[in-house]
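Please open the structure in a viewer and keep the sequence beside it.

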Amino acid sequence: MTRGEENQSETVEMYLQTIYRLKETHGSARTSSMASSLGVSMGAVTNTLASLEKQGLVQRRAYRGVDLTPRGETVALRVLRRHRLAERLLTEVLGMKWSEVHELACRLEHAMTDDVIEALEKLLRNPKTCPHGNPIPTSAGKIKQAKSEPLNKLKPTQKGILEKVVGEKADLLRYLASLGLVPGVSVRVEEKAPFDGPIIVNVRGSRYALGQQVASLIRVRRS
């Protein structure tokens, strides 16, 4: 494979994975959201999506964004599997912080072969989630989503176990870690300000105020 072909393959993988992540997080993948996530222009997204549609990997729908075809979803899940196992490698074997690994895994995911991934999965003892709590697809292309909901949907006095953080932005992850908001921790909503104001949560006896946008990226399982 030439360097140009490698770059083209990486672009396809990045776009398909981005579409999957946006739909997983927000329920839809729109051109503007893709441009923001990928750091490219709207025109570049439009042109690439046209190419992906010709390849039978995506389907564009007026006013509804972009959907992955079954072929496109297969590719997206394969890349997502490599990415999330790479994140586990970086945190568990190399001892890196969970806020540092997403960008590095974005580069590693395109370089690792299926044989390397299978060996890595065994080394890590078959982890089910990435360090941020998001599920790792199986080698058969299946993914099991734990039942969860955004933290800002809970009412005062309700509690939940933090299942995962979506978005995986480094500054967000550093902030949440400083509050002790990591997968497995119990969170109790104590107050909610009106008109989409901040919510007050209790984490291990400490109270913190979270904005609605941040709280929406924290997914919990009610307890």
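Begin by selecting D67, which is buried, with a relative accessible area of 16%; buried means under 20% relative accessible area, exposed over 50% and partly exposed in between, calculated with a 1.4 Å probe on protein chains only. This is a predicted model, in which local features need pLDDT of at least 70 and side-chain atom pairs count only at pLDDT 80 or more, while totals for chains, interfaces and linings use all residues. Residues are numbered from 1 along each chain as its sequence is written, and side-chain values use heavy atoms, with hydrogens and water left out.

**First stop: D67**

D67 belongs to strand β2, residues 65-68. Helices (H or I, at least four residues) and strands (E, at least two) are DSSP runs, numbered from the N terminus. Next, display the residues that D67 touches: K23, L57, V58, Q59 and R61, not counting residues up to four places away in sequence. Contact here means heavy atoms within 4.5 Å.

Now select H83 in helix α4, residues 70-93. Is H83 buried or exposed? H83 is buried, with a relative accessible area of 0%. Leaving aside neighbours within four places in sequence, H83 is in contact with Q17, R21, H102, A105, C106, E109 and E168. Its side chain has a polar contact of 3.2 Å with the side chain of R21 and another, of 3.1 Å, with the side chain of H102.

Follow H102 into helix α5, residues 101-108, where V101, H102 and A105 are buried. These residues are on the same side of α5 because they cover an arc of only 95° around the axis; the arc is that of the directions from the helix axis to the C-beta atoms. Turn to the face away from this buried side to find the exposed residues E103 and R107.

The model contains 13 salt bridges. Select R81 and E118, whose closest N and O atoms are 3.0 Å apart. This pair links helix α4, which holds R81, to helix α6 (residues 114-123), which holds E118, across 37 residues. R81 is buried at 5% relative accessible area, whereas E118 is partly exposed at 31%.

Move on to R222 and E149, a salt bridge with its closest N and O atoms 2.5 Å apart. R222 lies in strand β8 (residues 218-222) and E149 in strand β3 (residues 149-150), 73 residues apart. R222 is partly exposed, with a relative accessible area of 43%.

Finish with R207 and E191, whose side chains meet in a salt bridge of 3.0 Å, N to O. Strand β7 (residues 206-210) contains R207 and strand β5 (residues 186-192) contains E191, the two residues being 16 apart. R207 is partly exposed at 47% relative accessibility, and E191 is partly exposed at 41%.

How values were computed. Polar contact = N/O pair within 3.5 Å; in protein donor to acceptor, adjacent residues only side chain to side chain. Salt bridge = Lys/Arg side-chain N within 4 Å of Asp/Glu carboxyl O.
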